[in-house]
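Please open the structure in your viewer and keep the selection panel at hand. The tour goes from one selection to the next and says what is found at each stop.

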Amino acid sequence: MTDNSLPATKMSARDVHVYYGATHAIKGVSIDVDQENVTAFIGPSGCGKSTFLRTLNRMNDTIPIARVEGDITLDGENIYSPAMDVVQLRARVGMVFQKPNPFPKSIYENVAYGPRIHGLAPVKSDMDRVVEQSLRRAGLWEEVKDRLHDSGTALSGGQQQRLCIARAIAVDPEVILMDEPCSALDPIATAKIEELIHELRGRYAIVIVTHNMQQAARVSQRTAFFHLGHLVEYGVTSDIFTNPRQERTKDYITGRYG
Amino acid sequence: MNEHTVKVFDDELGQLRGLIAQMGGLAEAAIEGAIQALVRHDLEAAAEVVQGDKRIDALESEVERLAVQLIALRAPMADDLREVVAGMKIANVLERVGDHAKNIAKRVVEVEQANHIEPLSVLPAMATVASDMLHDVLDAFAARDAELAASIGERDRAVDDFYNSLFRALVTFMMENPKSITQATHLLFIAKNLERIGDQATNLAEMVYYAATGEQLGERDRMDTISGK
């Protein structure tokens, strides 16, 4: 019997292994990422959470010695199949990095870049609409609407990060991957990003890697704990933080690790 | 149990457990003291129990202060979080146990002639069962011993049986000796105080079980029922 209350799976990984040369970085990870939920990956440094995140839009392809085994699907479609267009994949599965990395161009151009290369908004008025909508969704519009042609790099760190989120949103992705998106930001800028994640939830499937367990607890509905390349535990965030099933999860989240 | 990377966190959790153990010890002593004062009609000892309750109240505030500080400064998670929350609730229940002991002590002065009432002799035994439950539930908390916590609720039946038989005996006594109604009513209230302490020890056992396991004691019973155990 199918339980209709179960959230729809957006991305699915089965027995995924990642090798960097001789190093076995990810060891047989299987996980389903929900459409409706924010999923947080937590774990100590070197546990493989960022490496695994990067398999979800084939960012590891850019590392020559990296090798990925196993199946990863997006809406049931194998993203490592030869038929998959990687550029198209990365438009569907966008990414926001640890350090805000706007292009050294205007705010407008930062957001317009993606839609332009993907041919999404051929007419200028369409592009204006896409830029405004993306900046609005990223919670940045009110702060920058009067200076869209100033350089993106002149913004504060928190604004730059929201600009990067606007840039990711502009190509109308289905999934947004965030790798430590707040680690370079102060608490107020962090709170704005967290609020933004909350607002974006539902429209996009969101996966966030974070070192900050409180952040995982605050923003996510599902939490996955990685350790030494293994997925140790994956579950409802409130369960993971109040009643983890695995001893290793408990030791990590209560600060007894190591 | 591994230590926390931040050692002062362990110190503070230890402090919290220490305060609870202290409250529990004082509450047990208050029950014992109140019942002894009653049996011996020792007004001075009764006054000491009443006075001593202030110390239990002060410790409850101390536990609350420390628990709030721990949550704010250490952001406890998982079993640590459950323990801190349970600690705060346990302190609240122990404060009420102290109040019951105080209420018993306050009645000592009223039951001067109570020695003539035979059912009085049962009260110390009843108090011992309730007080032992309290003692064991605090041991279970200190040791995070879920099995011990789970076993305590059953013993509340003995306390309830004591109460029911005392109730019948005292009502009979009152019907036969109408002059004793005031005295016997005081004893009935004392029996009720002890019965409540048994209930509270049972509640504490549920809190300790949850803190230790993350499951509600009732849930486990239901699961046992389903699986036919």
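Predicted model: local features only at pLDDT ≥ 70, side-chain atom pairs only at ≥ 80, totals over all residues.

Residues are numbered from 1 along each chain as its sequence is written, chains are lettered from A and ligands numbered from 1 in the order in which they are written, and side-chain values use heavy atoms, with hydrogens and water left out.

**Domains**

Begin by selecting residues 11–253 of chain A, which the UniProt record, an unreviewed entry, annotates as "domain: ABC transporter". UniProt positions are given in the numbering used here, feature names are shortened, and annotations may be inferred rather than shown by experiment. The end C-alpha atoms of residues 11–253 of chain A are 26 Å apart, and the span is 37% helix and 27% strand; helices (H or I, at least four residues) and strands (E, at least two) are DSSP runs, numbered from the N terminus.

Next, select residues 20–108 and 125–208 of chain B, listed by UniProt (unreviewed entry) under "domain: PhoU". In residues 20–108 of chain B, 93% is helix and 0% strand, with end C-alpha atoms 28 Å apart. Residues 125–208 of chain B are likewise 93% helix and 0% strand, and their end C-alpha atoms lie 25 Å apart.

**The largest pocket**

Helix 2 (86–92), strand 6 (93–96), helix 3 (107–117) and helix 6 of chain A each give two or more residues to the lining of the largest pocket, and helix 3 of chain A supplies the largest share, four residues. A pocket is an open set of points on a 1 Å grid over the protein atoms alone, with protein on both sides within 12 Å along at least five of seven lines, whereas a cavity is a set where a 1.4 Å probe fits but cannot get out; lining residues have an atom within 4 Å of a point. Grid points are joined across faces, edges and corners, and a volume is the space filled by probe spheres set on the points.

Arg167(A) lies in helix 6 (residues 157–170) of chain A and is buried, with a relative accessible area of 15% (buried means under 20%, exposed over 50%, partly exposed in between, with a 1.4 Å probe and protein chains only). Show the residues around Arg167(A): leaving out those up to four places away in sequence, its contacts (heavy atoms within 4.5 Å) are Asn101(A), Pro102(A), Phe103(A), Asn110(A) and Val111(A).

Met95(A), in strand 6 of chain A, counts as buried at 12% relative accessibility. Its C-alpha atom is 6.5 Å from that of Ala168(A), although 73 residues separate Met95(A) and Ala168(A) in sequence.

**The cavity**

Now move to chain B and select Asp79(B), Glu83(B), Phe141(B), Arg144(B), Val208(B), Ala211(B) and Ala212(B), which line the largest cavity. A search of the whole structure finds one cavity of 30 Å³ or more, and about 50 Å³ of space lies in the largest cavity. Helix 6 of chain B provides the largest share of this lining, three residues.

**Nonpolar cores**

Stay in chain B and pick Ile90(B), Leu123(B), Leu187(B) and Leu194(B), the residues with the most contacts inside the largest nonpolar core, which has 70 residues. Helix 6 of chain B gives the most to this core, with 14 residues. Apart from it lies another core, of 48 residues, among them Ile107(A), Ile176(A), Cys182(A) and Ala78(B). A nonpolar core is a set of buried Ala, Val, Leu, Ile, Met, Phe, Trp, Tyr and Cys residues joined through side-chain atoms within 4.5 Å.

**Backbone angles**

Finally, select Asp15(A) in strand 1 (residues 9–20) of chain A, where phi is near 50°, a positive value in a residue other than glycine. Asp15(A) is partly exposed, with a relative accessible area of 44%. Arg58(A), also a residue other than glycine, has a positive phi near 60°; Arg58(A) sits in the loop between helix 1 (49–55) and strand 4 (66–74) of chain A and counts as buried at 12% relative accessibility.
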